[in-house]
Every structure is written in structure tokens, then in C-alpha cells.
Amino acid sequence: MAATLIVNPWASRVTPEVVAAVERELESTGSLETMLTQGVGHATELAADASLRSDRIYVLSGDGGFNEVVNGVGDDVAVGFIPGGGTSVLPRALGLPRDPVEAARALAPSDAERVLSLGRVVGYADGAPALERRFTFAAGLGVDAALVRAVDARGRRGGRRPGDLAFVAEAVRLLAARRGRLAPELTVVGRGRAAFALVANTDPYTYAGRIPLHAAPRASFEGGLDLAAPVALGPARIPLVLAAFVRPRRIHPRWILRAHDLDELRIEADAPTPLQADGEDLGDVTAATFTAERDALRVLVAR
């Protein structure tokens with residue numbers, strides 16, 4: 001069995017020692033070729049190339065690298081996601097250990113697979129398509145994408161992205177600048193106005209440290225897309241949103257627009273607005289169309 005390991009050497013938890021240990025686990029079941037990414041977008045090229053000669057592609061990276069691979073991998077290749085980032089939402093949502101070596105040990109001998117649906121977003125600028133991207137677990141238009149951009153603007157130490165505390169600090173700064181109020185800035189076509197929009201392909205939407213955040217608790221990898229979009233936020237509502245995302249079964253505000261298992265969703269912005277997919281800043285758009293690609297990706301999971 002031929003396998004390829006694509007590694008982002010700049011991911012938060014990736015070191016030469018970790019790469020060597022992961023390689024040893026994966027080589028125990030067959031031949032392995034290791035390929036290191038060299039910059040943004042390179043993992044997409046490597047995945048497309050590896051799909052021509054490999055039965056399996058393993059990815060040791062954070063969620064940004066996983067996203068790049070999904071945008072390049074062929075249809076007939078199974079992919080194993082090994083957590084190498086600070087959050088690594090995708091492998092955690094698939095039930096894999098957080099430790100990369102343990103995750104590799106679980107995946108290497110396994111013949112178990114899941115077939116996942118993916119999301120696809122097309123972003124528009126002034127009415128014309130400006131970008132297109134697949135995503136695995138989530139995308140967002142508005143505040144959460146602005147937070148991703150603000151954290152990225154802090155720069156990276158040794159190529160590594162700042163962690164959860166940086167997101168908290170930027171969230172506090174953003175809310176302070178807006179005096180704790182987020183007014184409607186988007187139109188969810190056919191559903192109403194919203195301050196920002198979260199589009200989920202699974203649950204949880206993301207993690208804050210060890211705490212899962214359930215923006216769309218009914219979302220699943222086997223279904224379509226889910227929407228959670230607060231209509232407007234003020235100082236009294238912000239704690240309720242956070243509580244609803246931590247304990248969705250107990251708290252479910254009516255002023256959050258929700259939709260479940262969608263095939264398509266269109267959102268229009270009053271002005272150019274940040275868009276993110278799988279935690280990666282895609283730039284500003286004036287509208288975005290989200291579609292579900294059902295049964296789109298073969299994924300390796302632990303037995």
C-alpha cells in the first residue's frame with residue numbers, strides 16, 4: 001500500500017521529532033513518502049500530485065493545511081488527518097486523539113473509513129465571483145472572520161500562529177471598539193437580517209481550548225450545511241450567545257437565525273465583509289453562496 005504524508009512544518013505542534021515519530025507509526029503498515037509544504041497553497045498542489053500515485057494521503061498540519069489538502073485531493077484517495085495545529089478542529093471532530101503520534105498510531109492499521117460531505121463557498125465582489133473554496137467543518141462571514149484576520153495580523157513566531165488567548169484578546173478589542181454592539185450587516189436571503197453568520201458542516205463549530213463550541217449542534221459530516229446567525233447583539237446578549245454555544249440544549253435564543261441540513265445558502269453583505277473557511281482568511285466579499293457537496297470525501301478513522 002503506497003501512502004504519502006504531507007507535513008506543514010510550521011504548524012503549532014509540529015517539530016522534527018514529531019514528524020519522525022509519526023513517520024515510524026505510518027511506515028509500520030507500508031511504504032511512505034513524506035512531503036513538506038513550503039508556503040501558502042503548496043499543500044493543495046502536493047495533494048493533487050500525491051493523488052496520482054498514493055492509496056492514502058496523511059496530513060500532519062493544522063486546519064489550514066487540512067483545508068488546502070481537501071482542495072487538491074483526488075476523488076479516489078482516502079485521507080487521514082493528524083492533528084498538528086493548536087486547535088485542529090477536524091481530527092478532533094472525527095474522534096481522533098489530540099496527540100499527533102497517538103493519532104497516527106490509530107490511523108495506520110485502520111481500514112475504517114467515513115464518507116463526509118463538504119462545504120463549498122463562492123465569494124463575490126461587486127457581483128462577480130472572486131473566489132471559490134471547499135471547507136471541512138465551518139465557514140463564517142463577519143465577526144468570526146474578522147477575528148481570524150486580526151489574529152493573523154499579529155504575525156507568527158517561527159511561522160506559528162498565535163493561540164486561543166490571542167483570539168480572546170482580539171474579540172475583546174473588537175467588541176470594545178463597537179461598544180459591545182453588533183448591528184445587522186448581512187442579509188441571509190430568504191431568512192432575514194443578521195449581524196454575522198456561521199455556516200457549519202459539523203458539530204462542534206470550533207473549540208476554545210478543551211471546550212467545544214456548538215454553534216450548530218445538529219450539524220453533521222453526513223448532512224448538509226447548518227446556519228447560526230445572530231440578528232443583532234448588545235451587551236446583554238453577548239453572554240447569552242456564548243452560553244448557547246457552550247450549552248445549546250439549555251439555552252436557545254430566538255434571535256439567532258437557524259437553519260439545518262441545507263443544500264445551498266446565500267448571504268449578502270451591506271459592505272465588503274471578511275470571509276473565512278476552516279479558520280483561514282479568504283478576504284473581503286460583498287456576497288457569498290454556500291453549497292453542500294454531499295458524499296464528497298473519503299476519510300480514514302480509527303477502528
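A crossing of two helices is left-handed if the near helix is turned anticlockwise from the far one by less than a right angle, and right-handed if clockwise. The model is predicted: local features need pLDDT of at least 70, side-chain atom pairs count only at pLDDT 80 or more, and totals for chains, interfaces and linings use all residues. Residues are numbered from 1 along each chain as its sequence is written, and side-chain values use heavy atoms, with hydrogens and water left out.

**Exercise 1.** Describe how helix H1 passes helix H5.

Solution. Helices (H or I, at least four residues) and strands (E, at least two) are DSSP runs, numbered from the N terminus. Two packed helices are described by the angle between their axes and the distance between the axes. Axes are lines fitted to C-alpha atoms, for helices over the stretch in contact, with angles from 0 to 180 degrees between N-to-C directions. H1 (residues 16-27) and H5 (residues 100-107) have axes that come within 8 Å and cross at roughly 15°. That makes H1 roughly parallel to H5; angles under 35 degrees count as roughly parallel, over 145 as roughly antiparallel, 65 to 115 as roughly perpendicular and the rest as oblique. The crossing of H1 and H5 is right-handed.

**Exercise 2.** Find which residues of H1 meet H5.

Solution. Contact means heavy atoms within 4.5 Å. From H1, Val-18, Ala-21, Val-22, Glu-25 and Leu-26 meet Pro-100, Val-101, Ala-104 and Arg-105 of H5.

**Exercise 3.** Work out how H6 is oriented to H7.

Solution. H6 (residues 143-153) packs on H7 (residues 164-177) at an angle of about 120°, and their axes are 9 Å apart. That makes H6 oblique to H7. H6 passes H7 in a right-handed crossing. Among the residues that meet are Val-143 and Leu-147 in H6, and Phe-167 and Glu-170 in H7.

**Exercise 4.** Trace the strands that pair with E16.

Solution. Two strands pair if DSSP finds at least two bridges between them. Strand E5 (residues 113-125) pairs with E16 (residues 280-300) in the antiparallel sense over eleven bridges. Val-115 has Arg-298 in E16 as its bridge partner. Strand E15 (residues 264-277) also pairs with E16 in the antiparallel sense, over ten bridges. Here Leu-275 has Gly-283 as its bridge partner in E16. The hairpin of E15 and E16 has two residues between the strands, and Asp-278 takes a positive phi near 50° there.
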